[in-house]
Protein chains: 2
Amino acid sequence: MNYSTSEENYIKSIYHLKGDVQNVTTNELAEELKTRPASVTDMLKKLKTKKLLHYEKYQGFRLSAEGKKVALNIIRRHRLWEFFLSEKLKFTWDEVHEVAEELEHVTSKKLIDKLDEYLGFPKFDPHGDPIPDNKGKMHTATHLTISDWPLNTPAEVSKVSDQSNDMLEILKHQQISIGTRLEVKKHFVFDRSIEIEINNALPFSISEQVARNIWVKKPQS
Amino acid sequence: MNYSTSEENYIKSIYHLKGDVQNVTTNELAEELKTRPASVTDMLKKLKTKKLLHYEKYQGFRLSAEGKKVALNIIRRHRLWEFFLSEKLKFTWDEVHEVAEELEHVTSKKLIDKLDEYLGFPKFDPHGDPIPDNKGKMHTATHLTISDWPLNTPAEVSKVSDQSNDMLEILKHQQISIGTRLEVKKHFVFDRSIEIEINNALPFSISEQVARNIWVKKPQS
DNA sequence: AAAATATTTTAGATTTGTCTAAATATTTTT
DNA sequence: AAAAATATTTAGACAAATCTAAAATATTTT
């Protein structure tokens, strides 16, 4: 089933406001979409007949199972495009959203699955938000290894899986420890090594083996 | 200035039918766009007020300078996306058009210029059609592939792009080589295969894949 | 529990892009 | 050059998505 750009934007906004658990009110959604409550009511009646949401007059509404599926699919498209724009076309993190708002409405499933593959099945977009896979599953983890962390996005080291002396030797040498703040600057395709930057110092690279063992999360503040 | 998807499709079709030299008729355009003549008239009035074309009642219409600029921009977007889909996402040549029809309407100039750069400023799309640069300039090569050569017009083979053994086997079999004179007699819509005639002998057909690799020019004399 | 206030829905209008059917203009045929 | 055929435009309608203003319903306050 395909939906219009407008229908997709309503679905997406409902999901962003409350997921599929809580009821959303007409005014809230009007505010979010920068439209009028009357327009919201009109569209909701339409989405109800399409069984994308549960809706009782004056009682607010909530996404149905099908509605959630549709929402996750739109979010998948949006975030994959954001990743592409940032990683491949070198847009800065603050420029990607607007363009992705347009690209997300191109509905070819094949396009999105191939794009996903081309990008290496990324798990998070440049803002650190998780990207649903082609079955709608998302990594809820806020912890990732450096290898999966988005480029140019602040990170804080939270864990090191391999505690061997050999690993610790490298960490000590590079002055990396729990709590260290860093950013990933570059992914090298050839050997999947990674360049990181700490405290605005000169970036340096680490091998994939090392990167896969260093876990990071969004910094506290 | 931004135009709606529908307006863009009209502009693009006019350009495809006649460029900006000849007048296009209402029925031709209705046929091309799979719509009704009345709808064409409606849209043309609108495009006239936007100064994208010259239009006199009952006299047909032609793109204005501004209209041509818009058309070339849409074609640029379309062909860059086709190149991307084919080169990066590994779509086959026959799958790219449909998806590009959607992507071409995403209007961010920055997106397209960065995509162009990322792709290495390609000059031709996967079908061999030239891609306008960001100033609207296209490689207007006097050399064309057999697929683009006009019907019943003398041509001389100037180049063969694919020099693989498999390609050369076909050329040898059909007795085609650099300098061979031929005429294109027919285009088959179904598989875009092409019928050619050499030395007034019995015409025979070649596939699109082969035709796209054989370049021709006007014979010397 | 009634009044006041806030929220939501309905009724009716508007814009864009499309359509059918009828009217008008142009071109071709006789 | 008139009739017939063809092409184009106009008139009026419709669906989608939106809006304003008014009515209906729900919630909060007194």
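A residue is taken to be near a molecule or strand if its C-beta atom, placed from the backbone, lies within 6 Å of that molecule or strand. The structure is a predicted model, in which local features need a pLDDT of at least 70 and side-chain atom pairs count only at pLDDT 80 or more, whereas totals for chains, interfaces and linings use all residues. Residues are numbered from 1 along each chain as its sequence is written, and chains are lettered from A and ligands numbered from 1 in the order in which they are written.

By the criterion above, DNA strand D is surrounded by 20 residues, the closest being Ser4(A), Ala38(A), Thr25(B), Asn27(B) and Ala38(B). At least two residues of this surface come from each of α1 (5–18) and α3 (37–49) of chain A and α2 and α3 of chain B, where helices (H or I, at least four residues) and strands (E, at least two) are DSSP runs numbered from the N terminus. Helix α3(A) supplies the largest share of the surface near DNA strand D, namely five residues. That surface comprises six nonpolar, nine polar and five charged residues, with Ala, Val, Leu, Ile, Met, Phe, Trp, Tyr, Cys and Pro counted as nonpolar, Asp, Glu, Lys and Arg as charged, and the others, Gly among them, as polar.

DNA strand C is likewise surrounded by 20 residues, of which Thr25(A), Asn27(A), Ala38(A), Ser4(B) and Ala38(B) are the closest. Two or more residues of the surface near DNA strand C are given by each of α2 (26–33) and α3 of chain A and α1 and α3 of chain B. Here the largest share, five residues, belongs to α3(B), and the surface near DNA strand C divides into six nonpolar, nine polar and five charged residues.

Within α3(B), Val40(B), Leu44(B) and Leu47(B) are buried, a residue being buried if 20 or more other C-beta atoms lie within 10 Å of its own, exposed if 12 or fewer, and partly exposed in between, with C-beta atoms placed from the backbone. These three residues cover an arc of only 65° around the axis, which puts them on the same side of α3(B), the arc being that of the directions from the helix axis to the C-beta atoms. The face of α3(B) turned away from the buried side carries the exposed residues Ala38(B), Asp42(B), Lys45(B) and Thr49(B). The packing partners of the buried residues of α3(B) are α1 (5–18), α2 (26–33), β1 (53–55) and β2 (61–63) of chain B. Just after α3(B), a positive phi of about 65° is found at Lys51(B).

Between the protein chains, 13 residues of chain A are in contact with 13 residues of chain B, contact requiring C-beta atoms, placed from the backbone, to lie within 7 Å. On the chain A side, α5 (96–103) and α6 each supply at least two residues, and α6(A) gives the most, with four residues.

Chain A has eight helices and eight strands, and buried residues make up 30% of its 221 residues. Chain A averages a pLDDT (the predictor's confidence in each residue, from 0 to 100) of 90, and 98% of the residues score at least 70.

Conventions:
Two residues are in contact if their C-beta atoms, placed from the backbone, lie within 7 Å.
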